Amino acid sequence: MKYILENPVAGTIGLVKYQCTLQWRNGKIIADEPPSSGGGDQGPDPHSLLASAVASCALITMRMYIDRKGWNIPQLQVNVNMYQEKVNEKLTTIIDRDIVFDEGVPEDQKLKLQEIANLCPISKILENDIKLRTFIFKTGETKTIKYANDEITVLWKPAFCQHSTRCWKQLPQVFNPSIQKWIDPNGAPAERVAEQVKRCPSGALTFLYPSDQPGKPVQPV
Ligand code: SF4
């Protein structure tokens, strides 16, 4: 299992209503709510961000295709909006994506680009099954099992595990839930084991290096 993003988008919110700072690979953007929802409108609201993903992914995918074909289409516009319908208690969100071409684009190229827009990566995400999972990081005392070698001690708190599958799908040489002694710190270099432990979203995994104070696990970041 490999995440699509090398680093997760990291969002934070403080006391300023409802300004969120979203750290992405190469910078930061602000998200907010409009004044009608009590925000300061300092950035796009979450629905606008979702619409932006739908618009930009189609635009990029179409541009790549146009350039590959050598077509003369210097500019394209995409407008995205959405609404929701409830039929028999089932809520469906309809996202409309309108492609606007400048004068002179041949009809066959427009039709092909409509098809290409529907094949963009974000369309594939939204039109297939999606599972949204939310984890919390727990701290505190609970039964802890240690798995150690000379370079690293991995600490495992079974009661905290939220079964994200992240550890064993990303580093199966070390984490193997199908056997009883399921963590083998010898399966990868200590730095790689530590890096994986830091990705545990629940606090079930922490680690110690030999130089660390006993009983004071280094908290994942
Ligand atoms: S990464 Fe953490 S929460 Fe996820 S399965 Fe492994 S121990 Fe459990």
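Q: How many bridges join strand β7 (residues 153-156) to β8?
A: This is a predicted model, in which local features need pLDDT of at least 70, side-chain atom pairs count only at pLDDT 80 or more, and totals for chains, interfaces and linings use all residues. Residues are numbered from 1 along each chain as its sequence is written. β7 and β8 run antiparallel (strands, E, at least two residues, and helices, H or I, at least four, are DSSP runs numbered from the N terminus; two strands pair if DSSP finds at least two bridges between them). The number of bridges joining β7 to β8 is 4.

Q: Which residue of β8 is the bridge partner of threonine 153?
A: β8 covers residues 205-208 and is an edge strand. The bridge partner of threonine 153 there is leucine 208.

Q: What is the strand order of the open sheet that holds β6, β7 and β8?
A: The sheet has 3 strands with antiparallel pairing. Its edge strands are β6 (145-148) and β8, each pairing on one side only. Neighbouring strands are turned by 25° against each other on average, direction ignored (axes are lines fitted to C-alpha atoms, for helices over the stretch in contact, and angles run from 0 to 180 degrees between N-to-C directions). The order is β6-β7-β8.

Q: Which helix packs on this sheet, touching β7 and β8?
A: The helix spans residues 190-198, and its direction makes about 145° with that of β8. Contact needs C-beta atoms, placed from the backbone, within 7 Å. The helix is α5.

Q: What is the handedness of the crossing of α1 and α2?
A: The axes of α1 (residues 46-69) and α2 (residues 107-117) come within 9 Å and cross at roughly 130°. A crossing is left-handed if the near helix is turned anticlockwise from the far one by less than a right angle, and right-handed if clockwise. This crossing is right-handed.

Q: Which residues of α2 make the contact with α1?
A: From α1 come Ala58, Thr61, Met62 and Tyr65. By class, the contact has 6 nonpolar, 1 polar and no charged residues (Ala, Val, Leu, Ile, Met, Phe, Trp, Tyr, Cys and Pro count as nonpolar, Asp, Glu, Lys and Arg as charged, and the others, Gly among them, as polar). From α2 come Leu113, Ile116 and Ala117.

Q: How many residues lie in the hairpin between β2 and β3?
A: These strands belong to an open antiparallel sheet with the order β1-β2-β3. 5 bridges join β2 to β3, and glutamine 23 stands opposite lysine 28. The hairpin has 2 residues between the strands.

Q: Where is tyrosine 18 placed?
A: The peptide bond from lysine 17 to tyrosine 18 is cis, with omega near -15°. Most peptide bonds are trans. A hairpin joins β1 to β2 through 6 residues. Tyrosine 18 sits in the loop between β1 and β2.

Q: How many residues of the shell around the ligand are charged?
A: The residues around the ligand include Cys161, His163, Arg166, Cys167 and Cys200 (near means a C-beta atom, placed from the backbone, within 6 Å of a molecule or strand). The shell has 6 nonpolar and 5 polar residues. The charged count is 1.

How values were computed: Contact = placed C-beta atoms within 7 Å.
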